[in-house]
Amino acid sequence: ARIEKAGHKHFMAKEIAEQPTVIGEALSYYLSGDGRRIVLPDPGLDFSAYDRVVMVACGTAYFACFAAKYWFEKVARLPVEIDVASEFRYREPPVSPRTLAIFVSQSGETADTLAALRYMKGKAATIASVVNVPESSIARESDVALPILAGVEVGVASTKAFSCQLTVLALLALEAARARGTINDAALDDHLTSLRTLPGIMTRALDLDETLNEVSQALSEATDVLFLGRGQMYPIAHEGALKLKEISYIHAEAYASGELKHGPIALIDAHMPVIVFAPHDALFEKTVSNMQEVMARGGKVLLVSDRVGLEIASEGVWRTVQMPEVPDFLAPIVYAIPAQLIAYHTAVAKGTDVDQPRNLAKSVTVE
Ligand code: G6P
C-alpha cells in the first residue's frame with residue numbers, strides 16, 4: 001500500500017506522531033498475553049551464555065546502542081562495548097565465543113553495518129540484529145533477527161525507528177537481567193508494568209508539540225546549539241544534536257554535562273542556546289550544577305525536565321519544557337520526543353526540506 005502523510009505536513013511529523021502506536025505494537029510482540037513475561041522470537045537468545053556484548057550501528061541506530069549500553073550494564077551487569085560500524089571492523093577488535101554482537105539498523109542494508117556484521121561472522125560470536133526490515137540483508141545474515149515493528153519509515157531522519165529500537169533494546173536488557181539473575185521477580189515485574197504504560201506517556205510527551213514549536217522559533221535563529229545530558233540522557237543529547245544537524249543544518253554538538261568544563265564551556269555566550277535534558281532522577285542535582293555553570297557565563301539554557309525538576313531548577317533559565325513524569329528506566333525513550341520535535345519545528349521554521357534533507361540518504365549502501 002502507498003504510504004501517505006495522513007494529514008501531516010511531512011512524513012517526519014507523521015512518524016513522530018505514530019510512536020505511541022508502533023511502540024505499543026512492539027510491546028505486544030515481545031510480551032506474553034498477560035504482559036508479564038518477555039518472549040523473544042525463535043530461536044531466542046540465551047543471555048547466560050555471554051559475558052560481553054558489542055553493539056554496532058551507524059547514525060541514529062548507533063545512539064540507540066549508546067542508550068542501551070546504560071541499560072544492559074545497569075540491570076544485566078553485562079559489559080557493553082559500542083562502536084560506529086565504520087570504525088569497528090578496521091580496529092580488528094578481539095572477539096571471544098562468549099560475545100554477543102548486536103547490529104542495529106532500521107533499513108538492514110547499511111553497508112558499513114553489514115560489513116561489520118560479516119567481520120563478526122568470521123569469529124565465533126553470536127550475531128543478533130535489531131532491524132525494521134525483516135527481509136533485509138542484515139536480518140538474513142544474523143543468527144537471531146529481532147524486528148522493531150516500526151512500520152515503513154519514509155523521513156530520512158529516523159524517529160519512530162529510534163524509539164522502537166530503544167523499546168526492543170530495553171526489553172532485551174531486561175531479558176538479559178532475568179537470564180543472568182541480576183534482577184529479582186518484583187523488580188522485573190515493575191519494569192514490565194511501567195513499559196506497558198510507555199505508549200500513554202509517549203502520547204503525553206507528544207502533547208508538548210505546540211510548546212516545542214514555540215521554543216523552536218527562537219532556536220531557528222541560532223547558528224550553534226549545544227545539547228547536554230548526563231547518564232542515560234547523554235545518548236539522547238547526541239540524538240538531539242544529530243537530528244538538529246540533519247534537518248535544520250544548524251551546527252549542534254552533544255556533550256556529557258560533566259565534561260562541559262573540560263572544553264566546550266569556552267564556547268558559552270548569549271548566542272548559543274544550550275539544551276539540557278534532565279529528568280528529576282538520581283543525577284539531577286549534578287546536571288543542574290553544570291547548567292548553572294552555563295548560566296553563570298551568560299549562556300541561555302532550555303531546560304527539558306519534569307514538574308519536580310522544574311520546581312527546583314527553573315530560576316534564571318531561558319526557556320523550560322515540562323515533560324510528563326517518567327519511570328527512570330524509560331526516560332531515554334520519552335525524552336527522544338522533545339529531541340525530535342525541536343529538530344522538526346526548527347527545520348520547518350527555517351524552511352528546509354525536512355523529509356529529504358540535502359546530502360543525506362535514507363539508507364547508505366556504499367561504504
Ligand atoms: C543514514 C540515515 C540515518 C540512519 C543511518 C543508519 O545515515 O540518514 O537516519 O540513522 O543511515 O541507517 P540504518 O538503516 O542502518 O539504521
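In what order do the 5 strands of the open sheet lie, and is their pairing parallel or antiparallel? In this predicted model, the strands follow the order 7-6-8-9-10 with parallel pairing, two strands being counted as paired if DSSP finds at least two bridges between them. Helices (H or I, at least four residues) and strands (E, at least two) are DSSP runs numbered from the N terminus.

Within the sheet, strand 6 (residues 224-229) runs parallel to strand 8 and is joined to it by 3 bridges; Phe 227 has Ile 275 of strand 8 as its bridge partner. Helix 10 (residues 209-219) packs on the sheet and touches strand 6, strand 8, strand 9 (300-306) and strand 10. The direction of helix 10 makes about 155 degrees with that of strand 10, where axes are lines fitted to C-alpha atoms, for helices over the stretch in contact, and angles run from 0 to 180 degrees between N-to-C directions.

Residues are numbered from 1 along each chain as its sequence is written. As the model is predicted, local features need pLDDT of at least 70 and side-chain atom pairs count only at pLDDT 80 or more, whereas totals for chains, interfaces and linings use all residues. The protein chain has a mean pLDDT (the predictor's confidence in each residue, from 0 to 100) of 96, and 100% of its residues reach 70 or more. The model scores are ipTM 0.98 and pTM 0.97.

The ligand is surrounded by 16 residues, of which Gly 59, Ser 105, Gln 106, Ser 107 and Thr 110 are the closest; a residue is near a molecule if its C-beta atom, placed from the backbone, lies within 6 Å of it. Helix 3 (residues 59-76) gives the most to this shell, with 3 residues.

In helix 5 (residues 111-121), the buried residues are Asp 112, Thr 113, Leu 114, Ala 116, Leu 117 and Met 120. A residue is buried if 20 or more other C-beta atoms lie within 10 Å of its own, exposed if 12 or fewer, and partly exposed in between, with C-beta atoms placed from the backbone. Ile 265, in the loop between strand 7 (251-256) and strand 8 (273-277), counts as partly exposed because it has 17 C-beta neighbours inside 10 Å.

Notes:
Contact = placed C-beta atoms within 7 Å.
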